[in-house]
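Hi everyone, thanks for making time for this. I'd like to walk you through one structure, so please have a look at the screen.

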Amino acid sequence: MAPLFFLADCNNFYVSCERVFNPSLEGRPVVVLSNNDGCVVARSEEVKALGIPMGAPVFKYRSLLKRHRVRIFSSNYTLYGDMSRRVMSILSRFTPDMEIYSIDEAFLSFPASVPSAPETLAKKMRETVWQWTGIPVSIGIAPTKTLAKAANRIAKSEPEHGGVFALIDPAGTDAWLERIRAGDVWGIGRRREALLKRHGIYTARQLKTVQDDWARRRLSITGLRTVWELRGVSCIPLEEAPPPRKGIISSRTFDRCVERLEALEEAVALYVTRAAEKLRQHHLLAACLQVFLATSPYRDGPRYVNSLTIPLPAPTAYTPFLVTSARRGLREIFRSGYPYKKAGVALLELTSERMRQVSLFPPDSRRDPARDDRLMKAMDAVNVRYGRDTLRVASSGITRPWRSHPSRLSPRYTTRWRDLPVVV
């Protein structure tokens with residue numbers, strides 16, 4: 001028999017992490033904001049009931065948040081990342097066949113003939129995660145990953161199911177799929193939903209019944225796989241090894257607008273530093289770099305958005321060279337007189353460091369890749385041991401007045417000694 005897929009999804013994960021260490025937040029409306037405290041990136045159920053959408057700019061809803069006494073937190077990614085690691089570690093105890101899909105989601109695969117009923121096993125998983133971490137989890141069960149996503153949606157939106165729902169019986173699946181919008185099916189998205197609506201397809205059940213030729217022609221081969229998955233035919237395997245990265249982006253929105261080129265150069269140098277650290281963590285090299293900047297889309301007055309892609313002479317993860325290239329590109333796209341709200345960089349065309357290609361005619365014969373690698377390893381080792389930015393490139397600035405300073409950041413309860421909760 002075909003295996004069963006379980007999709008474990010943490011409920012309102014960022015909010016749940018805050019509530020674990022602050023029980024007074026239970027039952028109260030809570031939002032978590034983006035890096036610069038500008039937009040909503042997580043909402044409690046109470047906030048969703050107020051009609052505040054995901055990604056909403058805070059300034060547009062400030063009076064509503066104040067009127068309903070919504071508790072507001074800055075993103076504490078250190079805490080969320082550590083709590084995610086703990087949840088995934090617990091889930092992996094139930095089966096080695098697991099794919100971590102995102103920071104708060106994981107697919108697990110079990111043989112169809114599990115010793116206990118699938119729902120019983122899922123409830124045990126859910127209870128264990130709750131008992132060991134305090135994070136609530138919803139679990140969907142189905143013979144395909146797409147149906148497991150749909151089952152999870154039902155488990156999360158209808159509390160009477162106790163956080164667990166299975167779409168296993170083909171005879172009863174259609175009635176549930178009729179209640180799910182076609183646009184809410186995993187892998188469909190807004191563009192395809194608009195196309196489906198033009199052809200009178202509004203629900204997941206209607207999508208399931210389309211002809212294969214039509215699906216391939218209109219939705220491509222990936223859309224056809226989605227249709228088959230809705231029929232119970234597994235086409236999307238478990239990815240136990242994460243796919244290789246295609247790019248690394250590092251960017252931030254500023255607390256206040258930045259007009260000086262020197263400040264933007266410092267910001268871009270810092271973002272390149274962070275992206276290069278991730279490159280080396282994953283043993284990758286970048287062959288291309290993109291730098292971009294933009295004014296605020298919500299501010300009155302002139303607007304400006306621009307970017308520049310820079311091919312590199314050879315794939316590299318050497319921070320000083322990447323910083324020099326990014327600053328050079330920034331000077332080309334910078335225009336004075338604009339209040340910039342965002343800047344960033346993207347490292348593209350990534351390759352494994354084991355596949356480094358060496359040119360017979362290097363553009364700079366003074367550079368030694370082996371020496372560069374040793375220098376970066378030493379720099380990373382110092383920063384890991386003594387704290388980030390213990391060693392850094394001078395061009396990334398010292399005081400950094402342009403940098404965002406989250407004003408509502410909760411303690412890093414699980415990773416910093418001085419932030420440990422104290423019981424008195």
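Let's begin with one side chain: Tyr-14 is buried, its relative accessible area being 16%, where anything under 20% counts as buried. Please keep in mind that this is a predicted model.

Who sits beside it? The ring of Tyr-14 pairs with that of Tyr-77: the centres are 5.9 Å apart and the planes stand at 80 degrees, so we call this pair edge-to-face. The pair links distant parts of the chain, with Tyr-14 in helix α1 and Tyr-77 in helix α4, 63 residues apart. Tyr-77 itself is partly exposed, at 38% relative accessible area.

Tyr-77 has another ring partner, Tyr-80, with centres 6.1 Å apart and planes at 90 degrees, so this pair is edge-to-face too. Both residues lie in helix α4, three residues apart, or about one turn of the helix. Is Tyr-80 buried or exposed? Tyr-80 is buried, at 0% relative accessibility.

Now, the pocket. Tyr-77 is also among the residues that lie nearest the centre of the largest pocket, along with Thr-78, Arg-252, Arg-274 and Arg-388. That pocket holds about 1600 Å³ of space, and its lining has twelve nonpolar, 15 polar and 14 charged residues.

Last, the sheet. Five strands form an open, mixed sheet in the order β5-β6-β1-β7-β8. β5 and β8 stand at the edges with a single partner strand each, so one side of each has no neighbour in the sheet. Further in, β1 and β7 run antiparallel, joined by six bridges; Ala-8, for one, has Ile-139 in β7 as its bridge partner.

Key:
Residues are numbered from 1 along each chain as its sequence is written. This is a predicted model: local features need pLDDT of at least 70, side-chain atom pairs count only at pLDDT 80 or more; totals for chains, interfaces and linings use all residues. Side-chain values use heavy atoms; hydrogens and water are left out. Two strands pair if DSSP finds at least two bridges between them. Helices (H or I, at least four residues) and strands (E, at least two) are DSSP runs, numbered from the N terminus. On a 1 Å grid over the protein atoms alone, a cavity is a set of points where a 1.4 Å probe fits but cannot get out, and a pocket is an open set with protein on both sides within 12 Å along at least five of seven lines; lining residues have an atom within 4 Å of a point. Grid points are joined across faces, edges and corners, and a volume is the space filled by probe spheres set on the points. Ala, Val, Leu, Ile, Met, Phe, Trp, Tyr, Cys and Pro count as nonpolar, Asp, Glu, Lys and Arg as charged, and the others, Gly among them, as polar. Rings of Phe, Tyr and Trp (its six-membered ring) pair if their centres lie within 6.5 Å; planes under 30 degrees apart count as stacked, over 60 as edge-to-face and the rest as tilted. Buried means under 20% relative accessible area, exposed over 50%, partly exposed in between (1.4 Å probe, protein chains only).
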